Amino acid sequence: MISIENVSKSFVLHNQGTAEIPVMQGASLMVSEGECVALVGASGAGKSTLMRMIYGNYLTASGRIMIGDVDVASAAPREIIQLRRRTLGYVSQFLRVVPRVSTLDVVAEPLLATGTDADEARAQAETLLTRLNIPQRLWALSPTTFSGGEQQRVNIARGFAFPYPALLLDEPTASLDPTNRATVLAMIAEAKTRGVAIIGIFHDHAARDEICDRQFDMTKFTPGLAA
Amino acid sequence: MTPLLQVENIAKFYGSRIGCTDVSFDLYPGEVMGIVGESGSGKSTLLNCLAGHLTPDRGAVRFDTRTEGLRDTITMSESERRMLGRTDWAFVHQHAHDGLRMNVSAGGNVGERLMAVNARHYGDIRNEAIDWLGRVEITEDRIDDRPTAFSGGMQQRLQIARNLVTGPRLVFMDEPTGGLDVSVQARLLDLLRGLVREMNLSAIIVTHDLAVVRLLADRLMVMKDGHVIETGLTDQVLDDPQHAYTQLLVSSVLQV
Amino acid sequence: MSDYNFAYLDEQTKRMIRRAILKGLAIPGYQVPFASREMPMPYGWGTGGVQVSAAVLTPDDTFKVIDQGADDTTNAVSIRRFFQKTAGVAVTEATSEASVIQTRHRIPEQDLRADQILVYQVPIPEPLRFLEPSEVETRKMHALEEYGLMHVKLYEDISQHGDIATAYAYPVKVEGRYVMDPSPIPKFDNPKLEMAGIQLFGAGREQRIYAIPPYTQVVSLDFDDYPFRASKADHACDLCGAEDSYLDELIVDDAGGRMFMCSDTDYCASRRKQGHVGAQGVPYEEDAA
C-alpha cells in the first residue's frame with residue numbers, strides 16, 4: 001500500500017547564509033494493508049519530516065513515495081489533493097484551529113468534502129466525538145478554547161472520520177489520559193483490521209509496542225547521525 | 001479530466017517594464033489557487049489579465065465553457081466575454097464600491113445578474129435575493145437599503161452575494177479581505193470557505209496575506225517582480241519553501 | 001416673404017438630418033447621432049423636434065404643433081408661427097387635417113394615419129442614463145443588448161413604492177431589440193406607440209435622432225407579476241365627457257375644487273362639436289375666428 005523508495009531530502013536556508021542541511025538519505029520502507037509501522041529514532045532523526053514527505057507537505061528531493069498508484073514525490077498538486085481527500089489521512093501533532101468553525105463541523109469536514117450527505121456526516125461526527133469523550137455541550141463550539149488533550153481528540157476524530165486506506169499518525173496518544181489513550185489504540189486496531197496501512201510516530205513506548213507490528217529506525221538514513 | 005481554466009504563457013508588459021510574464025497553470029473544478037506577492041509583484045496585473053479586464057500581450061486563457069468546451073477567452077468577442085462575466089465567472093473586488101452599484105438597493109444589486117439573464121418575475125427575483133443575502137449573513141430587513149448604509153464587511157458580503165447568485169463556476173478575488181477589521185476578515189473568510197465548498201467553486205485569489213491563502217487556497221503561486229518564483233500545494237509552499245524569496249516571505253509573518 | 005431658406009435650415013443640414021432619420025427608421029429605436037445645429041431658441045425648448053420637422057416639411061404639408069396636448073400654449077404657438085414664417089406651410093389645430101405634427105410630451109388621442117408623421121421633442125434620449133452615467137458604457141449596453149439594468153430600475157420602483165412608479169417616459173423595447181425612451185409622454189400613451197403613422201424623435205441638446213416606422217412592435221417593459229398598465233386619472237373629462245382620454249387636472253378655486261379636462265385640446269373640441277357635454281361643460285358654440 002505504501003512504498004517509500006530511496007528517498008532523500010535536504011533543507012536549503014537561503015536567508016541564513018545558504019546553509020544546506022541534509023536530513024535524509026536513501027530511506028526505503030514498505031507498509032502493507034493492515035500493518036502498523038512505527039518510525040523510531042532520536043529527536044531530529046527525521047521522523048516527522050518523513051511523515052510530512054509522505055503527505056506531500058514537504059518536497060522529496062529524490063526517490064519515490066508510492067501510495068497505491070500515486071508517486072507523491074512527483075505527483076501534480078491536483079493528484080495530491082485528491083489523494084488527501086480519499087486515500088491518505090494525516091493526524092498531525094497539533095490541531096490547526098480555524099476560529100468560528102464548530103467542533104462538529106471540524107470533524108465532519110472530511111466526510112462533507114467527499115460528498116457525504118450533511119446529516120449523515122454530522123451523525124458520524126457525533127459518534128466519533130462521543131467515543132472520544134468530548135461532551136455534547138462542546139460540539140457547537142470552536143475548539144479554539146479547548147485544552148490540549150481535547151484538541152488532540154478532536155484532531156483524531158477528524159482523522160478517523162473518513163475511511164482512508166492509509167493513515168499517518170503523529171503522536172496520536174500524546175496529551176491523553178489512560179481512558180482516552182485506550183480508546184485511540186482500539187480505534188487504530190480496528191483500522192488495522194479493516195486493512196488500513198498505518199505509519200505512526202509514538203513517543204509512548206507502551207502504546208507503540210501494543211499497536212505496532214514493527215519499527216522502522218530512521219537513524220540509519222539520517223546523515224550525521226548514522227552509527 | 002478537462003481543466004476548468006487553462007492558462008498558457010500569459011505575459012503583460014508596460015513598455016519595457018514587466019507586468020507579469022511566463023505564467024502558466026491549470027485549474028480544475030473545486031480548486032482554489034492563491035497568488036501571493038508583495039506590492040509590485042504583478043499579481044493584480046495577472047488577475048486582471050485572467051479575468052478579461054486587461055488584454056495580455058501574449059498567451060492564452062482557456063475556459064471550459066458549458067456549451068463549447070475549452071475556448072480562449074482572450075480571442076472571444078467582447079459580447080461573449082461580458083456574458084461569461086455575468087454568468088459563469090465572478091469577480092470580487094477589493095473595494096466594494098467597484099463591485100456594487102451604490103445607488104441601487106441590496107436586493108437590486110443581487111437581482112441585477114438575474115435580470116441580466118432574463119429573469120422577469122419580481123417576486124421570484126426578490127425571494128432569491130433574500131435567500132442569498134441570508135447566505136452571506138445579511139438579514140432580510142436590509143434588502144431595500146442602499147450599500148452606502150452598510151459597514152465595510154457587509155458591503156463585501158453583499159458583493160459576494162451579487163456575484164454568486166448566478167452560480168458561477170470560477171471566482172476571481174482581488175484582496176477580498178483588504179481593508180477590513182480583523183474580526184470582520186475572519187467572518188468573511190469563513191463564509192468564503194463554506195461557499196467554495198458548498199458550490200464546488202474554483203477560485204483564484206490574489207492577496208498579500210499568507211493567512212488568507214493558508215485558509216482558503218489548495219494551491220499557491222508566489223510572485224515577485226512579475227515572475228512566478230514558486231508554485232505548489234499551499235501547505236507545501238508555506239511549510240517547505242524552496243526559493244529564497246518565499247522563505248523570506250514566510251519567515252516574515254509574525255506569529256500571534 | 002422672408003429671407004430664410006425653406007424651413008430655416010440650409011439644404012446641407014436638412015440632408016444630414018434626413019440621413020439620420022433614414023438610419024433611425026432602418027434601425028427602429030436606435031439612437032442615431034446627428035450634428036445638431038444652433039437654432040433660434042435655447043436648448044430645452046424643442047430644438048430637436050424643430051430640426052426634425054424642418055427636415056421633413058415640404059411646401060404642401062399642413063403643420064400642427066402641440067405642447068402637452070394643447071395647441072394654444074406659448075411654445076406651441078411660437079413654433080407654429082416659426083414654421084409659418086420660414087416655410088410658409090399651412091397650419092391647423094385639427095389632428096385629422098395635419099400631415100406633420102410636432103409634439104411635446106403627448107401623443108394625440110385620435111389614431112394617426114399612414115400618411116401622417118409625428119415628431120417628438122426629446123430631452124434625454126438615453127433610457128439608461130439615470131442608472132449608468134457613462135456614455136461609453138450605455139452605448140456598449142445597447143450594442144450588446146445588455147438591458148438587465150433597465151429592469152433593476154423597475155425593481156427598485158416596486159421595492160420602494162409597491163408598484164412601478166414610472167408615470168411618464170416609460171421605457172419600451174422596440175421590435176424586440178432596442179430599449180428606447182419614448183420621451184416624457186405619460187405611460188397612458190405608450191400603447192399608441194404602435195401606430196400607422198411614422199414617428200420621429202429629435203433630441204437637440206443631446207444630438208440624437210431615433211425613429212419608429214409604421215406598425216412596429218413596441219412593448220413596455222414590466223415584470224410577469226407586475227404587468228404594465230396604461231393608467232390615467234379615474235375620471236371623465238368635465239368638458240366633453242370623454243372617458244378614454246388622458247386628463248389634465250385643474251385647481252379652480254381656493255377651496256380645493258378641481259376639474260379634469262382632456263389634455264388633447266383638439267380631441268376635446270371635436271367631441272364638444274359633436275354635441276358631447278361633460279359634467280362641467282357647456283354646449284359648443286362656434287367661436288369667431
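Predicted model: local features only at pLDDT ≥ 70, side-chain atom pairs only at ≥ 80, totals over all residues.
In β7 of chain B, Leu170(B) is the bridge partner of Trp89(B).

**Strand β7(B) and its neighbours**

- Strand β6 of chain B, residues 89-92, pairs with β7(B) through four bridges, and the sense is parallel.
- Strand β8 of chain B, residues 202-207, also runs parallel to β7(B), and five bridges join the two.
- Within β8(B), Val206(B) stands opposite Asp174(B).
- A right-handed β-α-β unit is made by β7(B), helix α7 of chain B (residues 182-198) and β8(B).

**Burial of β7(B)**

- β7(B) spans residues 170-174 and is mostly covered, with five of its five residues buried.
- Val171(B) and Met173(B) point one way from the strand, while Leu170(B), Phe172(B) and Asp174(B) point the other way.
- The residues on both of these sides are buried.

**Interface of chain A and chain B**

- Contact between the chains involves 24 residues of chain A and 23 residues of chain B.
- The two chains bury about 2000 Å² between them, and 49% of that area is on carbon and sulfur atoms.
- Four salt bridges are found across the interface.
- One of the salt bridges links Lys9(A) to Asp240(B), whose closest N and O atoms are 2.8 Å apart.
- Nine residue pairs are in polar contact between chain A and chain B, counting pairs with both residues at pLDDT 80 or more.
- On the side of chain A that touches chain B, the elements giving two or more residues are β1 (2-13), α2 (77-86) and α3 (103-113) of chain A.
- α2(A) gives the most to that side, with five residues.

Note on methods: Residues numbered from 1 in each chain as written. Chains lettered and ligands numbered in written order. Heavy atoms only, no water. Buried < 20%, exposed > 50% of the residue type's maximum accessible area, 1.4 Å probe, protein only. Pairing = 2+ DSSP bridges. Right-handed = clockwise from strand over helix to strand, strands pointing away. Contact = heavy atoms within 4.5 Å. Buried area = accessible area lost by both parts, 1.4 Å probe. Salt bridge = Lys/Arg side-chain N within 4 Å of Asp/Glu carboxyl O. Polar contact = N/O pair within 3.5 Å; in protein donor to acceptor, adjacent residues only side chain to side chain.
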